[in-house]
Amino acid sequence: MVGDVRIVMEALTAELPEIDHRDWLDQIATWRERHPLAVHAVGSLPPQEVIRALYEATGGEAVLVSDVGQHQMWVASITGSAA
């Protein structure tokens with residue numbers, strides 16, 4: 001398939017049925033409350049705290065980009081997004 005990704009994605013998503021994710025998001029919120037992110041300081045500045053500080057300082061409006069792996073999980077658990 002060759003095309004402008006914006007146009008192709010809009011066309012494809014228009015064909016998808018509406019899905020209610022509220023139950024799933026509620027479950028994730030419950031897990032976050034029961035099992036908050038543990039910060040294990042390796043050095044003097046734990047990466048989780050840097051991510052949390054950026055998130056809080058920008059009111060959740062920062063664009064955080066991470067590689068795949070542990071950093072991605074930290075961003076997702078702090079920001080609540082699928083990084």
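These are my notebook entries on a predicted model of one chain.

**Ground rules**

I number residues from 1 along each chain as its sequence is written. Because the model is predicted, I take local features only at pLDDT of at least 70 and side-chain atom pairs only at pLDDT 80 or more, while totals for chains, interfaces and linings use all residues, and side-chain values rest on heavy atoms, with hydrogens and water left out.

**Entry 1: overall layout**

I looked up the secondary structure and found 4 helices and 0 strands. Helices (H or I, at least four residues) and strands (E, at least two) are DSSP runs, numbered from the N terminus. Along the sequence the pattern reads α-α-α-α. The radius of gyration is 17 Å, well over the 12 Å that the globule rule gives for 83 residues, so the chain is more spread out than a compact globule. That radius is taken over C-alpha atoms, and the globule rule is 2.2 Å times the number of residues to the power 0.38. Along the principal axes, the C-alpha atoms fill a box of roughly 50 × 30 × 25 Å.

I then checked burial: 11% of the 83 residues count as buried. Buried means under 20% relative accessible area, exposed over 50%, and partly exposed in between (1.4 Å probe, protein chains only). The chain exposes about 7,000 Å², and carbon and sulfur atoms supply 60% of that area. Areas come from the Shrake-Rupley method with a 1.4 Å probe, and for residues only the protein chains shown count as cover.

For contacts (heavy atoms within 4.5 Å), I noted the sequence range. Of those with a separation of 6 or more, 37% join residues 24 or more positions apart.

**Entry 2: salt bridges**

I searched the whole structure and got 3 salt bridges. The criterion is a side-chain nitrogen of Lys or Arg within 4 Å of a carboxyl oxygen of Asp or Glu.

Arginine 6 pairs with glutamate 10, with the closest N and O atoms 3.6 Å apart. Both residues sit in helix α1 (residues 5-14), 4 residues apart, about one turn of the helix. Arginine 6 is exposed at 51% relative accessible area, and glutamate 10 is partly exposed at 45%.

Arginine 22 meets aspartate 20 at 2.6 Å, N to O. I logged arginine 22 as exposed, at 58% relative accessibility.

Glutamate 49 bridges to arginine 52, again with 3.6 Å between the closest N and O atoms. This pair lies within helix α3 (residues 47-57), 3 residues apart, about one turn of the helix. Glutamate 49 is partly exposed at 33%, and arginine 52 is partly exposed at 24%.

**Entry 3: aromatic pair**

I counted 1 aromatic pair. Tryptophan 24 and tryptophan 31 have ring centres 5.6 Å apart and planes at 85 degrees, so I recorded the pair as edge-to-face. The rule covers rings of Phe, Tyr and Trp (its six-membered ring) with centres within 6.5 Å; planes under 30 degrees apart are stacked, over 60 edge-to-face, and the rest tilted. Tryptophan 24 is partly exposed at 47%; tryptophan 31 is partly exposed too, at 40%.

**Entry 4: helix α4 and its cover**

Which residues of helix α4 (residues 70-79) are buried? I found Trp74, Val75, Ala76, Ile78 and Thr79. Their cover includes α2 (22-34) and α3. After α4 comes glycine 80, with a positive phi near 80 degrees.

I also looked at serine 66, in the loop between α3 and α4. Serine 66 is partly exposed at 29%. Leaving out residues up to four places away in sequence, serine 66 touches His71, Gln72 and Val75. Its C-alpha lies 22 Å from that of valine 5, which is 61 residues away along the chain.

**Entry 5: glutamine 48**

Is glutamine 48 buried or exposed? At 4% relative accessible area, glutamine 48 is buried. I placed this residue in helix α3. Its C-alpha is 8.8 Å from that of alanine 38, 10 residues apart in sequence.

**Entry 6: nonpolar patch**

Met1, Val5, Met9 and Leu12 make a nonpolar surface patch of about 480 Å². Patches are built from residues with over 30% relative accessible area and no salt bridge, joining like charges within 9 Å and nonpolar side chains (Val, Leu, Ile, Met, Phe, Trp, Tyr) within 5 Å. Methionine 1 belongs to the segment before α1, and I logged methionine 1 as exposed, at 84%.
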